[in-house]
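Have a look at the sequence and the structure here before we set off.

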Amino acid sequence: MSQVKQVGLLAAGCQPWNKDVCAASGDRFAYCATLAIYIYQLDHRYNEFKLQAIMSEHKKTITAISWCPHNPDMFASASADSLVVVWNVTEQKVVAKLDNTKGISDMEICLIHTAFSSTGIPASLSWCWNAGDAVAFVSHRGPLYIWTISGPDSGVTVHREAHSFLSDISLFRWHPKKKGKVVFGHTDGSLSIFQPGSKNQKHVLRPESLEGTDEEDPVTALEWDPLSTDYLLVANLHNGIRLVDSESLSCITTFNFPSAAASVQCLAWVSSAPGMFITGDSQVGVLRVWNVSRTTPIDNFKLKKTGFHGLHVLSSPPKKKSCSSQYPTKNHHTSSTSEAVPPPTLTQNQAFSLPPGHAVCCFMDGGVGLYDMGAKKWDFLRDLGHVETIFDCKFKPDNPDLLATASFDGTIKVWDINTLTAVYTSPGNEGVIYSLSWAPGDLNCIAGATSRNGGFIWDVPKGKMITRFSEHGKNGIFCIAWSHKDSKRIATCSSDGFCIIRTIDGKVLHKYKHPAAVFGCDWSQNNKDMIATGCEDKNVRVYYLATSSDQPLKVFTGHTAKVFHVRWSPLREGILCSGSDDGTVRIWDYTQDACINVLSGHTAPVRGLMWNPEIPYLLISGSWDYTIRVWDTRDGTCLDTVYDHGADVYGLTCHPSRPFTMASCSRDSTVRLWSLTPLINPLQINILADRCWDEIIGNTDRAVESGAPPLLCGKVSRDIKQEVEKLTGNPRGKKLRWFSECFSPPGGSKNLWDLVAVIKGQDDSLLPQHYCKGIMHMKHLIRFRMSKAQELTTVKMSKYGGGIGAPSKEERLKEAAEIHLRLGQIQRYCELMVELGEWDKALSVAPGVSMKYWRKLMQRRADQLIQEESDDVIPYCIAIGDVKKLVSFFTSRGQLKEALLVAQAACEGNIQVSPLSTTSGSSNSGGNNTDDYNELLHKVSKELAEWYFQDGHAVLAACCHLAVENIELAMANLIRGNELELAISVGTVLGESAAQATHYALELLARKCMTVTTCGFTLKDTILVCFLFTNDKQKIFLRYVWQLYRCFRINI
């Protein structure tokens, strides 16, 4: 099992090239990037969709995916590598494969070769509706192949009629009810329809405007009407949408768009609303809602600036739990005071109201989201993900919360690694971007290297390209490197064989000619005038810029294939490494002019290289063999191998202030964050045991001695030591915090320690600015949120909405209500207004009956809004002080942070409850409110903590408990999440209140260390650290074990 732990994942976006790249089934949906398929599933407990699996088997671009209509666990995919795969989604494994040759007869081999010829890559794929274990796929011109996966008829057959088409196939769809009926959409705008027992129709039903012309208008979407055997909804890119009859070959309805510029890229029927469908525009991300009885859309939602690529509709996810009212059933016998039965809240277009439903939306920029059409909001949005190979990634030097990535898709994206969301993206259209480099300091610029447009400097906040470099002409630039120590110098290396050093204003300083293409370069971090290069001629070269010579100072030979990347050690002057297509990493000593080690283990070319900035002998490499390896360069030992990536690993980078957190990027279009901390456990033990500085921090000469335990040698650890030595009094608490943050990955450790400081009584003025962005202590929550609300009042905000207009009311009931009002029968008037759905009028005059009746009516309105899942319930519950109902409402929707805020507001007395409201059945009563609310607060906090824990964030779960000063549960979550070192550090600072949990964590840590051999960890270390923390009885036992150790020199 790998010791290196994955702590974060930046998922890829949805590819925009092929048609059938998103699919849905039940409570799951899927989309595919270039090489991987992403499966999201509803978490019923929290009522939200979570990434369930990443499935990767294809070596080339995935061209289509399809979910089995008969078995939700079966899933099929096809790709440009002549491969069709059937998956079991639940088990995340391949069930069957179909490629060029495996398991196919001679005749079938011929057929498959034809289907998968250079012009016949499977363009569309679908499960056969009339057979549970058959998958159909088709190339651009056909024929249609049907692969029966199992049974006596297993194998590949060709559809008898569906072949020899005159126009390329865009997509095809089986009829869900009529056995064997299938329709093809073509790029010339026509349809081909095949049905057993009927005359086959090829290239029919072209849009009228195309008849008699050679113009093409591709069919972009095609779906059978779920309520008909013959009706078909067709979208052409330029000629809009038609409802056609496949039997009579006639157009029934042509739908009209508000603008002539609008064009349809995708469509989907809304199965829960007969006759209703939705479409996505190709140019702008406008979602339109239609009904077949109208030729114009009944609603439009602009969801994004970029156009749609795919659409699927899910039925509404099941509710986690009911928030229904606890009130008794009403007696609806009509009298002057009886309660009316209110209708559901009327939407803006009652005749065509859209029932609750979720649309899986895929966009041309790779964005993927789940849009709640009923609530008109995103339930999930994965925006701006890369859709192709990511070649490089780099943390921002002065703000390591930002990570930049460069991709084959022609963009650079900047990510916030705390939220794992994209915050900036470059303009694009650059071709392939192979490499990037942040400007040193706070310049907020990125240099990029492209395949066809030279190099550039991108001003990230302004979103503009401010400089371009064209010295390499049309040759691709493989690497770009901004000098660490001189912000005016940038190096580029190219396929033209030159490494060029220039200033940022374009002045060329040096042109170093190589005998072949130059793939990598790196500035020395110890000498600002020294740079190394890797060349296709298998050599590594070192140049010295302070001279005018264009010849290298050193040439290192030894690799047997081209050298790609080179990296100078940040801690050992004169030491550099190189990765090669020969599968090895070589360590070179510039001062000795020699190769001092060869690291062998990769089975494919090496691409990513990264030295650890604290442990001088620790090197990480990434390869085309899909693995990341961690090396001890002293003896060439591979300490760990990581297999999580689904394709070639290209870039590796280290977090500047958390030196044991790194990021990697890959051809699988993902970026992954890793923690290397488990590899240096002895160091953590020494810090927890408060050992002397010499056993924690040392110089590189001591650290690189063979067999020596790990020592910290970098800038981060030196800065911590310097700050600790400045402190007066007992510095242990600060020391534990700073080292804990150094070792921990992003994702809550700072938040945790801020809460520990609050509990220990730190002055609020010393809290950092980022404190209010995380989980706050409950005594701060309301104050900070009120401050945020006041801040928002100064911001101009436009109200989103608009609709077709409210429906009319029944005039007879209106007239009756007016009569009752004039007769002074206010309560009857109110009930009639409720029956009409005019709650505002009813509530405005209800106090004329009594305040008790008004509150009762408010509660009825709140109950109805809760049933309708409407946010409008919030002010009603606040007005009547029904905190538990509102908290239950938020909790049922998975809005746990909102529930926590309301509970805390109630605890602080900001939500008032009148004694009159207790008669309505609410559980709020008298002087027990404070205790009830505190209990409610702890309950919600506990549920939020469990949500974080189940999502893999044990540290944030602990923060939730510390926020309400539940130290016992906070420590329990850290221990449960195997954050033992962090639990011991926090428990030590918190003192007696966490003593029991701290001792338990120590016991677990001792057991863990005694069963794991890592980096020279010994029994001696275990005994000493436990001795420092344990009670008297345990110390007697440990003294006994210590004597055994001294006698027998046990070393495990």
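How do the residues of the lining of the largest cavity divide into nonpolar, polar and charged? Keep that in mind while we set the ground rules. This is a predicted model, in which local features need pLDDT of at least 70 and side-chain atom pairs count only at pLDDT 80 or more, while totals for chains, interfaces and linings use all residues. Residues are numbered from 1 along each chain as its sequence is written, and side-chain values use heavy atoms, with hydrogens and water left out.

On a 1 Å grid over the protein atoms alone, a cavity is a set of points where a 1.4 Å probe fits but cannot get out, a pocket is an open set with protein on both sides within 12 Å along at least five of seven lines, and lining residues have an atom within 4 Å of a point. Grid points are joined across faces, edges and corners, and a volume is the space filled by probe spheres set on the points. Two cavities of 30 Å³ or more turn up in the structure. The largest cavity holds about 150 Å³ of space. It is lined by 16 residues, and the closest to its centre are K19, D20, R173, C266 and L311. Strands β14, β18, β22 and β26 are the elements that give two or more residues to this lining; helices (H or I, at least four residues) and strands (E, at least two) are DSSP runs, numbered from the N terminus. To settle the opening question, the lining of the largest cavity has seven nonpolar, five polar and four charged residues. Here Ala, Val, Leu, Ile, Met, Phe, Trp, Tyr, Cys and Pro count as nonpolar, Asp, Glu, Lys and Arg as charged, and the others, Gly among them, as polar.

The second largest cavity holds about 50 Å³. Among the residues lining it are F391, D392, H565, R607 and Y650. At least two lining residues come from each of β30 (390–396), β46 (563–568), β50 (606–611) and β54 (649–654). Its lining divides into four nonpolar, three polar and four charged residues.

Next, let's turn to an open space. The second largest pocket contains about 1000 Å³. Of its 31 lining residues, A24, W129, E223, H312 and V313 are the closest to its centre. Several strands supply at least two residues each to this lining, including β2 (22–25), β14 (169–174) and β26 (308–315). β26 gives the largest share, five residues. The pocket lining comprises 20 nonpolar, seven polar and four charged residues.

What about the helices? Ten of the eleven residues in α6 (residues 749–759) are buried (under 20% relative accessible area, with exposed meaning over 50% and partly exposed in between, for a 1.4 Å probe and protein chains only), so this helix is largely enclosed by the rest of the structure. W753 and D754 are among the buried residues of α6. Just after α6, G761 has a positive phi of about 95°. Helix α8 (residues 811–822) spans 17 Å from its first C-alpha to its last over twelve residues, close to the 16 Å expected at 1.5 Å a residue; the expected span is 1.5 Å times one less than the number of residues. G824, which follows α8, also takes a positive phi, near 85°.

Further along, C877 sits in helix α12 and is buried at 1% relative accessible area. D882 lies in the loop between α12 (873–880) and α13 (883–892), and is buried too, at 5% relative accessibility. A polar atom of the D882 side chain is 3.4 Å from the backbone nitrogen of K885.

Which disulfides does the structure hold? A search of the whole structure finds zero, a disulfide being a pair of cysteine sulfur atoms within 2.5 Å. For C68, the nearest cysteine sulfur, that of C128, is 9.8 Å away. C68 is buried, at 3% relative accessible area.

Finally, some backbone details. Most residues other than glycine have a negative phi, and most peptide bonds are trans. N47, however, has a positive phi of about 55°; this residue lies in the loop between β4 (37–43) and β5 (48–55) and is buried at 17% relative accessibility. Q92 likewise has a positive phi, near 55°, in the loop between β8 (83–88) and β9 (93–98), but Q92 is partly exposed at 40%. The peptide bond from G142 to P143 is cis, with omega near 0°, and P143 is placed in the loop between β11 (134–138) and β12 (144–148).

Notes. Polar contact = N/O pair within 3.5 Å; in protein donor to acceptor, adjacent residues only side chain to side chain.
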